[in-house]
Amino acid sequence: MWSIYDRLIDGIVTDIVVTEIQENEHWIVVNSEDSLQNQYAGIAMSMKGGQTTRKLDNRSCTGMTLKELAHYVKSWNFSDASIGMAAINTYYNQIAQVNEKMRWLDENDKDAFTVFKEQIKGKNVAVIGHFPNVKSLAQECNLTVLERNLVGDDLPDSACEYVLSYQDYVFITGTTLTNKTCPRLLELANNRFVVMIGPSVPVSNILFEFGVNCIGGSIINNHMKLKKAIAGNTDDIF
C-alpha cells in the first residue's frame, strides 16, 4: 500500500533544503532552495485528524532536506502528513518538471470537470470529495459523490467499496493521498478512467503507474503572490 508514496519520495533529489513552512486555516506551503539557490514552493490542503501526537512544527522543519520532510506524508497524524504532501508537491509541481516529463492538455484555465464535460455525458461518474459546484455534473451524468463530511445526497466515503466497481469515470481528490485512502481507491477504480484533481495532487507521471489516467493539479508560478495569500489567510489563491 505504500508503493505510490515510496515512488514519489524516491524521485526527490537530495540537495533541496526547506527554508520556510507557511500555514493557514486551509493550506500548507513548503518553501525550499537547492544548492544553486533555485527557489521551490509546493502546496497541499491542511488536514486535521488521525493520530493525535505530532512530530513536526513549522520551525523544526526549517533546514531539513525536502526529501526528508516528504517522508512525513506517511504519518498517521494528518497535520504532519499534510506537510509531507506539500513537500512532495514542492518538488514535482514545478513548471520545468512538468514541461520535461508530462503532456499537457491544451485547456486554458478550465477545471477538470469542464475539460471532461462532453466525455462524461450519460456515464456513471463518481467524485471522491465534495468539490465546489460538483452537483452541476448531475445534469450531465449519473453522478455519485463520496465525502467524509457529507453534504446533501453525498454518500459516506466508505461507500467506495460498493459503488466504484460500476463507474465509468472516477475523479479523486488529492487529499486522499494525505489520509491514506488513495491506494485502496485506485485499486477499486481499476480499469476505470481515473482523474486525480486538486492542489494536493503531485503532478508526476509516477501516478500513471498506479492507474491514474489524467492529473489536474496546481503549478506554483508566483511564489511571492502565494506567500501573501497564505499570510492573509485567504482561500482564494487559485
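**Entry 1**

I looked up Ile21 first, and its bridge partner in S2 is Val30. The model is predicted: local features need pLDDT of at least 70, side-chain atom pairs count only at pLDDT 80 or more, and totals for chains, interfaces and linings use all residues. Residues are numbered from 1 along each chain as its sequence is written, and side-chain values use heavy atoms, with hydrogens and water left out.

I then traced the pairing around Ile21. S1 and strand S2 (residues 27-33) run antiparallel and share six bridges. Strands here are DSSP runs of E with at least two residues, helices are runs of H or I with at least four, and both are numbered from the N terminus. Two strands pair if DSSP finds at least two bridges between them.

The sheet is open, has three strands in the order S1-S2-S3, and pairs in the antiparallel sense. Its edges are strand S1 (17-23) and strand S3 (39-45), each pairing on one side only. I noted an average twist of 20° from one strand to the next. Helix H4 (residues 78-92) packs on this sheet and touches S1, S2 and S3. The direction of H4 makes about 140° with that of S3. Axes are lines fitted to C-alpha atoms, for helices over the stretch in contact, and angles run from 0 to 180 degrees between N-to-C directions.

**Entry 2: the six-stranded sheet**

I found a second open sheet, with parallel pairing and the order S6-S5-S4-S7-S8-S9. Strand S6 (155-156) and S9 form its edges, each pairing on one side only. I checked S8 against S9: three bridges join these parallel strands. Met196 stands opposite Ile215 in S9.

**Entry 3: Lys180**

I located Lys180 in the loop between helix H8 (175-178) and helix H9 (182-188). Is Lys180 buried or exposed? Lys180 is buried and has no salt bridge. Buried means under 20% relative accessible area, exposed over 50%, and partly exposed in between, with a 1.4 Å probe and protein chains only. The nearest side chain of opposite charge is Asp80, 9.7 Å away. Lys and Arg count as positive, Asp and Glu as negative; His and the chain ends are not counted.

What does the Lys180 side chain reach? It reaches the backbone oxygen of Ser75 at 2.6 Å. I listed its contacts (heavy atoms within 4.5 Å), leaving out residues up to four places away in sequence; among them are Trp2, Tyr5, Trp76 and Phe78.

**Entry 4: salt bridges**

I counted 10 salt bridges, each a side-chain nitrogen of Lys or Arg within 4 Å of a carboxyl oxygen of Asp or Glu.

I picked out Arg7 and Glu209, whose side chains meet at 2.5 Å, N to O. This pair links distant parts of the chain, 202 residues apart. Arg7 sits in helix H1 (residues 3-10), and Glu209 in the loop between strand S8 (193-197) and strand S9 (214-216). Arg7 is partly exposed at 33% relative accessibility; Glu209 is partly exposed too, at 48%.

I next read Glu118 and Lys121, which form a salt bridge at 3.5 Å, N to O. Glu118 counts as exposed at 53%, and Lys121 as partly exposed at 41%.

Last, I took Glu187 and Arg184, with closest N and O atoms 2.8 Å apart. They are three residues apart in helix H9, so about one helical turn separates them. Glu187 is partly exposed at 44%, as is Arg184 at 33%. I noted that Glu161, Arg184 and Glu187 are linked in a network of salt bridges.

Technical notes
Polar contact = N/O pair within 3.5 Å; in protein donor to acceptor, adjacent residues only side chain to side chain.
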